[in-house]
Amino acid sequence: MTFDSEVELMKVARAHPKAKLVLRIATDDSKAVYSLSVKFGATLKTSRLLLERAKELAIDVIGLSFHVGSGSTDPGTFMQAISDARCVFDMRAEVGFNMYLLDIGGGFPGSEDVKLKFEEITSVINPALDKYFPLDSGVRIIAEPGRYYVASAFTLAINIIAKKLVLKEQTGSDDEDELSEQTFMYYVNDGVYGSFNCILFDHAHVKPLLQKRPKPDKKYYSCSIWGPTCDGLDCTVERYNLPKMHVGDWMFFENMGAYTVAAASTFSGFQRLTIYYVTSGPTWQLMQQIQNHDFPLGVEEQDVGALPVSCAWESGMKQHPEACASACINV
């Protein structure tokens, strides 16, 4: 259990005095897109007081945790947080605790379209851990790489349910072609109250991909993309250039696995999306063999291109191409 205040300590002492506790310390996450230390975490000074209070209450504190915030743009925040954790660990001998766990939290990117790459972060974390918590320190290091694992695993597929042509008057021109500029408003079957809640809560910037690649000479138009609800806030893309689209056309959004489906609602009566799982043919065959306890000792490589990729197709499951929204997991 994690704590960062005396009130939490008192609650644990009353309700679960045998609990193993982890003290959460605050970090400088001012350069993160989404800050967490404004709500959670104890300062170094407060940490000593909390450890002393925990000792008085006979509560066992086994380690520390921190989180540098989501979407951090400065890998140095990990270095400072690990250094601060070392300071608190050094207090344990004075207070009388045997702490053996350090949770370095999350904030790791799960896609390549980010300013700070995963490799840049690890190039700072690993030397810092080697310096402050070497292997012979006896401290177990864990992390919370949720976004790292799931962000790129999901692709959101949505379709256009309505469209509106907007004519914008261009003053000061006698050219008939320039008198009006065509822009389009596309209404799709998922929005900020559904999978795109990441726009509001996670500061996400999404870009649509088309089902078919447009021809090079295809004309593009300015457009905006809107969700299906009654709320004017339900806009997923304010301005983008796309070829002329039609009702029933599909759009795809990559890297939609983190902070999307988990917080989706049924506002305005629209149901949450349906999830379809997609994998390669050989992988699906291996999964079936494992399930049937018939896992081979050696598996020969197969021509993936010659096999269907839909696990639903291979297993005889009924597919639903008419589904309005789906997320695919590529295994």
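The paragraphs below take these topics in turn.

This is a predicted model, in which local features need pLDDT of at least 70, side-chain atom pairs count only at pLDDT 80 or more, and totals for chains, interfaces and linings use all residues. Residues are numbered from 1 along each chain as its sequence is written, and side-chain values use heavy atoms, with hydrogens and water left out.

Start with the salt bridges. Side chains of opposite charge can pair when their charged atoms come close. Here a salt bridge is a side-chain nitrogen of Lys or Arg within 4 Å of a carboxyl oxygen of Asp or Glu. The whole structure holds nine salt bridges.

One of them pairs aspartate 60 with lysine 20, with 3.0 Å between the closest N and O atoms. Aspartate 60 sits in strand β4 (residues 60-65) and lysine 20 in strand β2 (residues 20-24), so the bridge ties together parts that are 40 residues apart in sequence. Helices (H or I, at least four residues) and strands (E, at least two) are DSSP runs, numbered from the N terminus. Aspartate 60 counts as partly exposed because its relative accessibility is 28%. Lysine 20 is partly exposed too, at 44%. The classes are simple: buried means under 20% relative accessible area, exposed over 50%, and partly exposed in between (1.4 Å probe, protein chains only).

A second bridge joins glutamate 94 and arginine 48, at 2.8 Å from N to O. This pair links distant parts of the chain, with glutamate 94 in helix α3 (residues 76-95) and arginine 48 in helix α2 (residues 44-56), 46 residues apart. Glutamate 94 is exposed, at 58% relative accessibility. Arginine 48 is partly exposed, at 27%.

Which residue does arginine 86 pair with in a salt bridge? The partner is aspartate 90, and the closest N and O atoms are 3.2 Å apart. Both residues lie in helix α3, four residues apart, about one turn of the helix. Arginine 86 is buried, with 16% relative accessibility. Aspartate 90 is partly exposed, with a relative accessible area of 42%. Elsewhere, salt bridges that share partners join Glu6, Arg53 and Glu56 into one network.

Patches are made of residues with over 30% relative accessible area and no salt bridge; like charges are joined within 9 Å, and nonpolar side chains (Val, Leu, Ile, Met, Phe, Trp, Tyr) within 5 Å. Accessible areas come from the Shrake-Rupley method with a 1.4 Å probe, and for residues only the protein chains shown count as cover. Lys and Arg count as positive and Asp and Glu as negative, while His and the chain ends are not counted. The place of a charge is taken as NZ of Lys, CZ of Arg, CG of Asp or CD of Glu.

Five lysines, Lys163, Lys215, Lys218, Lys219 and Lys244, form a surface patch of positive charge. Lysine 218 belongs to the loop between β10 (209-210) and β11 (220-226). Lysine 218 is partly exposed, at 45% relative accessibility. A nonpolar patch of about 300 Å² is made by Tyr148, Tyr149 and Val150. Valine 150 is part of helix α5 (residues 146-150). Its relative accessible area is 32%, so valine 150 counts as partly exposed.

The cysteines come next. A disulfide is a pair of cysteine sulfur atoms within 2.5 Å. How many disulfides does a search of the whole structure find? The count is zero. The sulfur of cysteine 235 has its closest cysteine sulfur in cysteine 223, 9.9 Å away, too far for a bond. Cysteine 235 is buried, at 14% relative accessible area. Cysteine 198 is buried as well, at 3%.

Finally, look at the backbone. Histidine 203 has a phi near 55°, a positive value in a residue other than glycine. Histidine 203 lies in the loop between α6 (198-201) and β10, and is partly exposed at 40%. Tyrosine 259 also has a positive phi, about 55°, although it is not a glycine. The loop between β13 (250-253) and β14 (274-278) holds tyrosine 259, which is exposed at 52% relative accessibility.
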